[in-house]
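I opened the notebook to keep track of what I looked up in this structure. The entries follow in the order I made them.

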Amino acid sequence: MGKQYPAISAEIQAFIEQQHIFFVGTAPADGRVNISPKGQDTLRVLDANRVAWLNLTGSGNETAAHLLELNCITLMWCAFEGKPNILRLYGTATVYHPRDAEWAELLPLFPPLPGSRQIVVVAVDLVQTSCGMAVPFFDYRAERDELNDYMEQRGPEQVEQYWHNRNAHSIDGKPTGI
């Protein structure tokens, strides 16, 4: 049922590119495990062992805090239509902020989205698929506009202030590097 691979194949990349949502899992050495859903057009496969996603402003910033403390990450996709499948990418990650030179190199890979906070590049060391036969069917209707509208209304200065007020530390009080 489950299979493991050392890299992202063309078939797995095609599966990733067809999905509308993925989940990010991280944990600190001690504290709360975090699982975040990610949507919009925010993920790119860079090569067979690297993916990048544009991390948008949210109510928390757990992923960044966890990666500073324990650099271990899992990305997961589920097929909600078509053939059943669950895909997980395991690895380590580097977080880039607008102040970093790499930000300018990576940002053009993504559409312009207000509130873009970080770009996370995952070095994938294990790719795993599993059956997904218990995952239900769901119909995709559309992306939500609320986050983009909220960030556009605030503007860059208020968004940055929000980062400092609400995203500088995790819920466990750990720094996020923002």
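**Entry 1: the annotated span**

I began with residues 9–131 and found their end C-alpha atoms 17 Å apart, with 19% of the span in helix and 44% in strand. I note that the model is a predicted one.

**Entry 2: helix H2**

I used the cut-off for buried, which is under 20% relative accessible area. I listed the six as Glu62, Thr63, Ala64, Ala65, His66 and Leu67.

Next I asked what covers the buried residues of H2. I found that the cover includes strands E2 (22–26), E3 (34–38), E5 (50–56), E6 (73–78), E7 (86–96) and E8 (116–130).

**Entry 3: rings**

I searched the whole structure for aromatic pairs and got three. One of them is Phe80 with Phe138, an edge-to-face pair with 5.5 Å from centre to centre and 80° between the planes. Phe80 is in the loop between E6 and E7, while Phe138 is in the loop between E8 and helix H4 (146–167), so this pair ties together parts 58 residues apart in sequence.

I also found a cluster in which ring pairs link Phe22, Trp53 and Trp77. As a separate item, I noted that the charged end of Arg154 sits over the ring of Tyr150, at 3.8 Å from the ring centre.

**Entry 4: the second largest pocket**

I looked up the volume of the second largest pocket, and it is about 230 Å³. There are 16 residues lining this pocket, and the closest to its centre are Ile16, Gln19, Gln40, Asp41 and Leu43. Which elements give two or more residues to the lining? I found helix H1 (10–18) and strand E4 (43–47). The largest share of the lining is three residues, and E4 supplies it.

Methods:
Residues numbered from 1 in each chain as written. Predicted model: local features only at pLDDT ≥ 70, side-chain atom pairs only at ≥ 80, totals over all residues. Heavy atoms only, no water. Helix = DSSP H or I, 4+ residues; strand = E, 2+ residues; numbered from the N terminus. Buried < 20%, exposed > 50% of the residue type's maximum accessible area, 1.4 Å probe, protein only. Contact = heavy atoms within 4.5 Å. Phe/Tyr/Trp six-rings, centres within 6.5 Å; stacked < 30°, edge-to-face > 60°. Lys NZ or Arg CZ within 6 Å of the ring centre and 35° of its normal. 1 Å grid on protein atoms, 1.4 Å probe; cavity = no way out; pocket = protein on both sides within 12 Å on 5 of 7 lines; lining within 4 Å. Points joined across faces, edges and corners; volume = space filled by probe spheres on them.
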